[in-house]
Amino acid sequence: MSNAQAQQLESYLAVKYGVTLGGNGAPATSYLNSAGSTIWSAGTGYHNNIVALGRDDTSKLNQLISRSVNSGDQITVISGTAMPSSASLITPTTGAMALATDLSYVVMGDNGQSSTTTATITVGTLAGRARSSRIWRLQATGTVPSQLSICVPDSMLPSGFTSGGSALWLSTATAQDFSTGTADTTMTAATCVASGAGVSTGVPGRIATVSNAVLNGMGGVGYFTVTRRLLDHIEISASSNSGVTCAPTTYTIKACGDASCSSLFTGGLTGSLSLTGAGVSTLFPSGASFSIPAGSSSTTISAQVTSVSTATVGVTSLSLTPGHSSPVWCGLGAAASSTGACTMAVGSAGFLFDVPDHYAGASQALSIKAVRTSDNAQVCVPAFANVTRAIKATCAYVNPSSGSSPVQLGAVKLNAGNSSAACDATGQTLNLAFDANGATSTTAQYWDAGRVQLSLSYTGSVGTNDAGLSLSGSDQFIAAPMGFIVTDYPSVATAGSPFSFKIKALAWGSNINVLPNFGQESPREGVVLDWVRSEPLGVGAQSGSFSGTLGLFSGGVADVSAASWSEVGRVSPTARLASNSYLGSGLTAAGNPIGVMGWTHCASEAGGSANPCVIPSGVMAAVYYGIGAYGFMKTGQSGSVPCSNAYFGDPASGSPKACYYTALSGAGSVTTHVQVKPARLELAATAACGSFSYAGQPFGVTARAKNALGAITQNYAGTVARSVNLTDASGNTTGSLTGSIPASAFSLGVASLPSSAGTAPVFSFTNKLTAPQTISVRATDTDGVSSNGYDASQFLRSGRLQMSNAFGNEKSPLQVPLQLQYWSGKSWVLNGADTCTVIPTASVVRARTLNHNNTPASWSTVVSGISLSGGSGFITLAAPSFNGTGTVDLAINLGAGSSDNSCNSVVGSATGAALPWLRSRQGSCASSFDRDPSARASFGIFAPETRKLIHIRDIY
């Protein structure tokens, strides 16, 4: 069998049993039919989970329903219009339509991307539509099926695609970016059966039947994926479900991208507003048509019903068909819902008023007009003139649907008790004085968050000479939180360790007026956590990472648990409104530990463009533009922010406004913060002398400031670092430890203190005759952060330098023996591990030179070198001048001064070697262990008998 025949056989088996030749992602594997022609090309990037239908008479292949045998749910394809009704006993032709001609194949493979995540189509007629990240490539040869059905299991669809009742499409195209040759086929619910050897299962899914025309239009190769109809439904809302014939009502039309309308459709939409019903006549001041441009999601349209009637509000002639089973949701005087009433009751008289959306707690000026339709024209005339009337006022909760605070008109709270209790149906009756124009004024105030409705009504009587007159009116408004405050946070926290705090939603003007209804909306409003680093600042400061688990708001307060900052310094948690537009009002809110009070004034409107609000470099801020409670806020501001109506809008026409900012993220000064310290210091010691240090000898240490996760806190430097005291953590009683690490030694969280540093640690034995010891060194900074559990250890020896007398002839250099020793606990022994001790020749003291008869000598000798290795060595003295004979008294100045401290009767001068830890009790004069070593070098004198030499010969 040739290679080509083997490939044909493998292709036959792969099509028949749903096998992907070479495995997923194989780059160079193609499929061949029995004639040797390619039915699936290699190297396309779609060689994953291959599934195929085919008719090949030579190989007796007639595969009309198939599914990949790869693990996990897979698509099922069939030549026909429906899946078989049962997954059991399926054959390769069950429920399918025959392929018309021999050597006809349809082969499909995917791009290997996740099928449950989404991407956005950015080009062509489908631009802006959401699709599955998985794309399939389809390659057809021969005659394509008259119908091809593709069933995709629900488990392979993005989660958002299966909620809300929106329709799904199987979108096909001739280009893999879906820019050309596109077509949409609606997908419907089905059971995706699985076929193959030993497979007889079925799973819920969505099926689409692609027509012969679409398949032929691909020209042999095409692509398909699952897309979601982005326009879910239309919301029509108005502030009330009632109106008057003499005044228009403004309707807001919003395009929603999902059932909750938390995702908005911004692809552009046109249509017409309709008001229909028995006896309904309508005027549209600007026409009934509307257009929502691409990039926007809503618009408003004004309509006036001119007849006393009940009108049904709807839309017609939409340029796109909403995908939801309830395409139009109404919210007339209520929150929009799929079951909301779309009827508007229109009378000949009523109250006209509008409470603007505003920040909770802010007092809003309210103008109320009592109007009726003119007797001879569709215009409004006063229903009252120059009279005082008792008007019933009630309030009701819309979103959330319940509450605990009343709306207040003037000084009156709208509930039966005129108290701080919740709104009720009783409300209050207010005596309002109407002027000649039928107008009166008061103020409205609401100390909570949400959408609420204010309703007014009046029924005439004989006593007021207006029996039969009935007026009503209502308006909804949104009261948004002015800001947030972070409270109950610790003054000090540990880097990388959890701490907790609270976030409170606040009304205007105070840090104590909490809004209990915030977070109870449907869908819930929430906040986004962030943080500001207030120390350290400047180049090199690290932002680290900040995280926390935000709980649900209850009573206007949310708990944040498991908050953590990976770095050290000072940090201020912040919060901003997640939606950036509370209940769609356009009002946003933000805050940090300073709440809504104490924001920094940065500019005035009068300054114009030449005087913008300048946000400090590195800070992202919220900027408030307004006067008192009348203002607009924008978050995510940095650099120079225009303090102008043009940038923010005009919140208070005719009044001078100013700009104020507060930091929300980045690095900047915030007066209230959490000080975050390292979780620990990790200390390592560097022995001064190889594997050990001498007692009394400074040794090096390295301290690393780390968080609770073991990462270095690089901000532990500069003003954040603290001085560190070094102590003996082992409780060793043989001596004492001194030493410290200055704060200035830290850089990027690490301080390496060499043994030469002035504050390097030193452990000194109380008794020179102390056996070797191992101590633990602990670092503790002035904030109490220590290396407990991560201490350093240091091995110590009590050492000394020993010199011995030397004898030799006067014509040769003479070596004076040296030995470095340590106290073993029983005796002084050779310290062969010493790799650090270096004795300068300038430290050798030649105290006195005598002739052999003990008279002062005129000859001299010089130190020509000092060598030490493995604890032993020599001082080499040059041969005396003038062939002199006699003795030289020597010492080594191990101190820091210029005079040695030996037992020689004559003290000489030499540069100190600065090795005081090698001093000991040397010579007969010594009673303490602070003496320098000394010895005598003799020239021209034979060694004494005690040397026990058997033979010596001098050669000249």
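In which sense do strand S69 and strand S70 pair, and over how many bridges? In this predicted model, strand S69 (residues 886–892) runs antiparallel to strand S70 (residues 934–939), and the two are paired over six bridges.

**The four-stranded sheet**

- An open sheet is formed by four strands in the order S63-S70-S69-S66, and its pairing is mixed.
- Its edges are strand S63 (806–808) and strand S66 (844–851), each of which pairs on one side only.
- On average, neighbouring strands of this sheet are turned by 15° against each other, with direction ignored.

**Nonpolar cores**

- The largest nonpolar core comprises 102 residues, of which Phe351, Phe518 and Ile741 touch the most other members.
- Leaving aside residues up to four places away in sequence, the contacts of Phe518 include Phe484, Val527, Phe553, Leu577 and Tyr582, and also Asp448 and Glu525.
- Another core, of 27 residues, lies apart from the largest one, and among its members are Leu894, Ala913, Leu918 and Phe939.

**Salt bridges**

- Side chains of opposite charge can pair when their charged atoms come close, and a search of the whole structure finds 18 salt bridges.
- Arg55 is joined to Asp57 by a salt bridge in which the closest N and O atoms are 3.0 Å apart; Arg55 is partly exposed at 22% relative accessible area, and Asp57 is likewise partly exposed, at 32%.
- Arg206 forms a salt bridge with Asp154, with 3.3 Å between the closest N and O atoms.
- Because Arg206 lies in strand S14 (residues 202–211) and Asp154 in the loop between strand S11 (147–153) and strand S12 (168–173), this pair ties together parts that are 52 residues apart in sequence.
- Arg206 is buried, with a relative accessible area of 17%, whereas Asp154 is partly exposed at 26%.
- Glu605 and Lys657 meet through their side chains in a salt bridge of 3.6 Å, N to O, linking distant parts of the chain, 52 residues apart: Glu605 is in the loop between strand S45 (600–604) and strand S46 (613–614), and Lys657 is in the loop between helix H3 (645–648) and strand S50 (658–667).
- Glu605 is partly exposed, with a relative accessible area of 22%, while Lys657 counts as buried at 4%.
- Through salt bridges that share partners, Glu605, Asp650 and Lys657 are joined into one network.

Conventions. Residues are numbered from 1 along each chain as its sequence is written. This is a predicted model: local features need pLDDT of at least 70, side-chain atom pairs count only at pLDDT 80 or more; totals for chains, interfaces and linings use all residues. Side-chain values use heavy atoms; hydrogens and water are left out. Two strands pair if DSSP finds at least two bridges between them. Axes are lines fitted to C-alpha atoms, for helices over the stretch in contact, and angles run from 0 to 180 degrees between N-to-C directions. A nonpolar core is a set of buried Ala, Val, Leu, Ile, Met, Phe, Trp, Tyr and Cys residues joined through side-chain atoms within 4.5 Å. Buried means under 20% relative accessible area, exposed over 50%, partly exposed in between (1.4 Å probe, protein chains only). Contact means heavy atoms within 4.5 Å. A salt bridge is a side-chain nitrogen of Lys or Arg within 4 Å of a carboxyl oxygen of Asp or Glu.
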